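Below is a brief report on a two-chain model. Look over the structure first, then read on.

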Amino acid sequence: MSELVRVENLHKSFGPLEVLKGIDLEVNTGETMVLLGSSGSGKSTLLRCINFMEIPTSGRVFLNGEAIGTEARGKVTYKEGDLCKLRTRIGMVFQHFNLFPHMTVLQNVMEGQLTVLGRDKAEAQEKSMIQLTRVGLANKAAEYPSRLSGGQKQRVAIARALAMDPDVMLFDEVTSALDPELVGEVLKTMRQLAEEGMTMICVTHELGFAYHVANRVLFLNEGTIHEEGEPQALLRNPQTKRMKEFLEGHALFKLPE
Amino acid sequence: MEWSFAPVIANLDILLLGLLNTLKVTGLALSLGVPLGLALALMRLSQVRPVSMVSAFIIEFFRTTPPLVQLFWFFFAFPILFNINMTPYLAAVVTFSIQSSAFFAEIFRSGIQSIDHGQWEGSKAIGMSRNQSLRRVILPQAVKRMIPAFMERSIELLKTTTLVSTIAYTDLMYQANSIAQSTFRPLEVYTVVALIYFVLIFAFSQLSIIIEHRLAKSGEGTVN
Amino acid sequence: MDHNWDFATIFTNWRVYWVGLQGTLLMFGVTVTLGMFGGLIIGILRYMKHPAAAWPARAFVEVFRNTPVLVQIIWFYYAFPILTGIETSPFLAAALGISLNTMAFSAEIYRAGIQSIDKGQWEAGKAIGMNFAQTMRRIILPVALKRVLPALTNRGIEVFKMSTLASVVAYIETLSQAKLIAELNYNPIESYTAVALIFFVVLYPVVQGTYALERVLNRSDR
């Protein structure tokens, strides 16, 4: 397995508040990594630094061995144009879907391909329908987002990200805003993607997903990685006090016997 | 081309007189326009169909026709029609009282209509007449919401009164024209007058923003 | 009121009013187009808060919103030529004043519309690799413009009414023609009543249209 995403000594501060205090991590191709932690631990910020929705204060991010940004005299600078190109190679799905309300489902999925990748309409439409079929929503292609349920909206959002043919997919608490009955369909789609070999980094509270689908789990607390390892080991035997407390707080998840 | 503000400074007293007249006309038009607007709004909300329709027509007519047309009508046409002697001052006040009242009427109307129906029900249930409900329960709540729109409309009125200069009322704009002609320094005169208007209006705008923030803090919504 | 209404002279002089109306329509067409398009650019600049553009844009908007439009027109007619050496015809002076005034008001309307768009829409555009211009053009503006359409049409109606102010610097439009007829025929009542009716008849359907537009937009707002 080769390394696809690498983060080195990542720091991120918002004004006086330091949220990430030196993160190192690697994700290999085809791996599914889950980031756990309580609110304020920095897990979403870390995810958003990977596709530069937030610009790190210091540290480097590598995609496919390639360093993002240029370093000169100890400072790293980023060009907006390069970051735009980078984001076409990384897909992101948001907690609140952020579908484009003035476009149909199909147009939503086609938009990035047409405007950013410059694909022609026929190709974009074909690829969009493939992704919509993949998430099980091909029959909703002509609908407007306002007519869909939360779970359906999120699956469209996943298709929209997949249509860009990214190397890695980032999921930022994608089920947290959904009604409980709708969570399952989204997790099922994500599991399917993982099994198809997509490299995924997920911030989530769904411990069941972490246990059954993730290859590796990271537990973040107050801006640093407290624990790291395989889900079965980590979730059964948390080593640190903070993680033990975190798991107790999520008592709904019962370990399989 | 050299700037020379000396002639402007020399005529500052004339400009000041103009400014006072501008404020006079605006103030008077406001104090007449607001109650007239309330009357029109209440007529508009009346259950009696003819009353409501007449009011609607007046409001629409004075909001849709240009103020300068209205001013000319009241200054040139009205006196002949009703055999009344119309001075520029009188024509200005009459025109802008009615013109602003049409806009105020709409602000009153949306303010009153924005009050939750439950308030009408509650006052009706304790035996209040429609008038009493309006006076004791509805209007007091509505007024607070309407204040930002009122202030905006009042500032608009201050700008609109420059039109009175066209019928030779000696407001600030008229004085500016007069001095520009007599001193042959239109650039300096008009720039200074524009500046005076700017300072005046900007100050009122900022004041109304402050008041709006205070109102927002006390938790009231606003109508537009 | 014992006046003998005589609209005959108004009707025989209909061509005079028609020439005026053409002047009104021309002034309106030019000023509303320049004003709304220029305003969009300034509105976006204001939204961007880009240091170089933000301050001049703010200054422009504050100056033209906080001074009366008549002052602006007269300034462009008498003061501007002295400052720049460029002669301004009545048309140019009035068109400049009203256009710039409209730009300033429209800019704030556009800015409010853009700001009302959920931040998540910017994020979604960014996440698929769109730059600022692409996101603005494809995602933000289509929704923002629809939202501010009522405010823009109200502004358009105001601009139409403002065209009468051009008569103050001797531009030939509907009101100046009405004045001409009134002075030549000694019938100010009929003439000014006629012009008030002309404006009312032209604008009233537009006003009703904007109410209908607002209702439609409120219903379909997602």
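Predicted model: local features only at pLDDT ≥ 70, side-chain atom pairs only at ≥ 80, totals over all residues.

In which kind of crossing does H3(A) pass H5(A)? The crossing is right-handed.

Residues are numbered from 1 along each chain as its sequence is written, while chains are lettered from A and ligands numbered from 1 in the order in which they are written.

**The helix pair in chain A**

Two packed helices are described by the angle between their axes and the distance between the axes. Helix H3 of chain A covers residues 105-115, and helix H5 of chain A covers residues 150-162. Their axes lie 8 Å apart, at an angle of about 30°. Axes are lines fitted to C-alpha atoms over the stretch in contact, and angles run from 0 to 180 degrees between N-to-C directions. H3(A) and H5(A) are therefore roughly parallel to each other, a label for angles under 35 degrees. On the H3(A) side, A:Val105, A:Asn108, A:Val109 and A:Gly112 make the contact. H5(A) contributes A:Val156, A:Ala159 and A:Arg160. Contact here means C-beta atoms, placed from the backbone, within 7 Å.

**Chain A overall**

Chain A has 9 helices and 12 strands. These are DSSP runs numbered from the N terminus: helices (H or I) of at least four residues, strands (E) of at least two. The radius of gyration of chain A is 18 Å, close to the 18 Å that the globule rule gives for 257 residues, so chain A is as compact as a globular protein of that length. The radius is taken over C-alpha atoms, and the rule is 2.2 Å times the number of residues to the power 0.38.

An unreviewed UniProt entry annotates residues 5-247 of chain A as "domain: ABC transporter"; such annotations may be inferred rather than shown by experiment. That stretch is 38% helix and 28% strand, with its end C-alpha atoms 27 Å apart.

Chain B holds 9 helices and 0 strands. Its elements run α-α-α-α-α-α-α-α-α from the N terminus on.

| Chain | Residues | Buried | C-alpha extent along principal axes |
|---|---|---|---|
| A | 257 residues | 44% | about 55 × 50 × 35 Å |
| B | 224 residues | 40% | roughly 75 × 50 × 25 Å |

A buried residue has 20 or more other C-beta atoms, placed from the backbone, within 10 Å of its own.

Methods: Buried ≥ 20, exposed ≤ 12 C-beta atoms within 10 Å, placed from the backbone. Parallel < 35°, antiparallel > 145°, perpendicular 65-115°, else oblique. Left-handed = near helix turned anticlockwise from the far one by under 90°. Contact = placed C-beta atoms within 7 Å.
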